[in-house]
2 protein chains.
Amino acid sequence: MRNRSVTYSAEATFHALSDPTRRAVLDLLRKGAQPAGQIAGAFPVSRPAISKHLRQLRQARLVIEHRRGRHRFYQLNAEPLKAVDSWLERYRSFWQANLANLKAFVEEEYARETGREPGKK
Amino acid sequence: MRNRSVTYSAEATFHALSDPTRRAVLDLLRKGAQPAGQIAGAFPVSRPAISKHLRQLRQARLVIEHRRGRHRFYQLNAEPLKAVDSWLERYRSFWQANLANLKAFVEEEYARETGREPGKK
DNA sequence: TAAACGTGTAACCGTATAGTTACGCATTAT
DNA sequence: ATAATGCGTAACTATACGGTTACACGTTTA
């Protein structure tokens with residue numbers, strides 16, 4: 001994908017969530033708002049690295065920044081996750097279906113494509 | 001993240017979902033299994049590009065391949081999406097909370113950090 | 001058996017990404 | 001005032017990623 005400066009909300013959200021460190025930051029913020037430095041302290045990478053992750057999370061509106069003196073508190077904003085949830089919604093019915101009829105499924109499809117009896121050469 | 005050859009299931013799944021084309025492929029497969037070429041035909045990119053996306057989806061176990069003659073059918077396997085769903089689960093309570101008490105939240109945190117009365121210098 | 005088909009892989013390219021160190025700039029403390 | 005603190009940004013590096021074209025290989029058709 002050439003153009004990553006996307007604004008489609010779901011896209012931005014999925015992209016932000018693709019990084020394990022960013023997901024861990026969100027997990028951390030479930031405990032409550034924290035200043036940037038404290039967040040960084042929880043990870044084995046440098047403070048600037050976390051700062052950049054926070055920027056991405058900010059741009060995806062998954063966190064909200066509040067300045068207070070020289071601190072910048074980051075607060076979780078879970079609202080964009082709704083988009084992920086509703087995307088998942090379409091799959092809920094699928095992940096319960098067992099794979100028993102999988103073979104039949106595929107063969108039916110094959111038959112449709114070729115106009116043949118499934119199983120025949 | 002330097003090492004992308006991860007096997008942690010949730011990680012692989014989130015990563016696979018980070019690309020809009022791959023998500024669209026999954027959406028397409030909800031209609032039923034389809035041969036690779038037919039999937040590729042639904043997208044504006046080249047067939048090899050889709051072939052690589054399919055490989056990633058396969059490695060994330062989000063699709064299952066079935067060979068039949070010279071066709072390779074791809075079948076949706078939504079099971080790994082459970083991991084995403086359970087990750088999201090932790091946030092459900094958050095995305096309903098309105099932002100009314102946000103200020104209080106932050107100031108409380110500030111007080112905790114500094115040992116001061118919120119609002120005082 | 002030879003041609004056509006369906007599909008994956010290799011090699012390559014340009015951009016995005018995550019990380020690092022060095023630095024700048026407010027804000028608070030001395 | 002000056003120093004220390006908290007944090008973002010710039011510049012740079014290495015690698016991952018998505019896309020393309022060329023090709024290989026098994027399967028089906030003629």
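Leaving aside neighbours within four places in sequence, which residues is A:Gln34 in contact with? The legends below take this up, along with other views.

This is a predicted model, where local features need pLDDT of at least 70, side-chain atom pairs count only at pLDDT 80 or more, and totals for chains, interfaces and linings use all residues. Residues are numbered from 1 along each chain as its sequence is written, chains are lettered from A and ligands numbered from 1 in the order in which they are written, and side-chain values use heavy atoms, with hydrogens and water left out.

**View 1. Chain A as a whole.** Chain A has six helices and three strands. Helices (H or I, at least four residues) and strands (E, at least two) are DSSP runs, numbered from the N terminus. Along the sequence, the pattern reads α-α-β-α-α-β-β-α-α. Chain A has 121 residues, and 41% of them count as buried. Buried means under 20% relative accessible area, exposed over 50%, and partly exposed in between (1.4 Å probe, protein chains only).

**View 2. The surroundings of A:Gln34.** A:Gln34 sits in strand 1 (residues 34–35) of chain A. It counts as buried because its relative accessibility is 9%. Beyond its neighbours within four places in sequence, A:Gln34 is in contact with A:Leu28, A:Leu29, A:Ile39, A:Arg72, A:Phe73 and A:Tyr74. Contact means heavy atoms within 4.5 Å. The side chains of A:Gln34 and A:Gln38 are joined by a polar contact of 3.3 Å. Such a contact is a pair of N or O atoms within 3.5 Å; within protein, one must be able to donate a hydrogen and the other to accept it, and residues adjacent in sequence count only if both atoms are side-chain atoms.

**View 3. A:Pro48 in helix 4 of chain A.** Helix 4 (residues 47–59) of chain A holds A:Pro48. Is A:Pro48 buried or partly exposed? A:Pro48 has a relative accessible area of 46%, so it is partly exposed. A:Gly37 is eleven residues from A:Pro48 in sequence, and their C-alpha atoms are 9.7 Å apart.

**View 4. Two helices crossing in chain B.** The axes of helix 2 (residues 20–29) and helix 4 (residues 47–59) of chain B come within 10 Å and cross at roughly 75°. Helix 2 of chain B is therefore roughly perpendicular to helix 4 of chain B (65 to 115 degrees). Helix 2 of chain B contributes B:Thr21, B:Arg22, B:Val25 and B:Leu26 to the contact, and helix 4 of chain B contributes B:Ile50, B:His53, B:Leu54, B:Gln56 and B:Leu57.

Conventions
Axes are lines fitted to C-alpha atoms, for helices over the stretch in contact, and angles run from 0 to 180 degrees between N-to-C directions. Angles under 35 degrees count as roughly parallel, over 145 as roughly antiparallel, 65 to 115 as roughly perpendicular and the rest as oblique.
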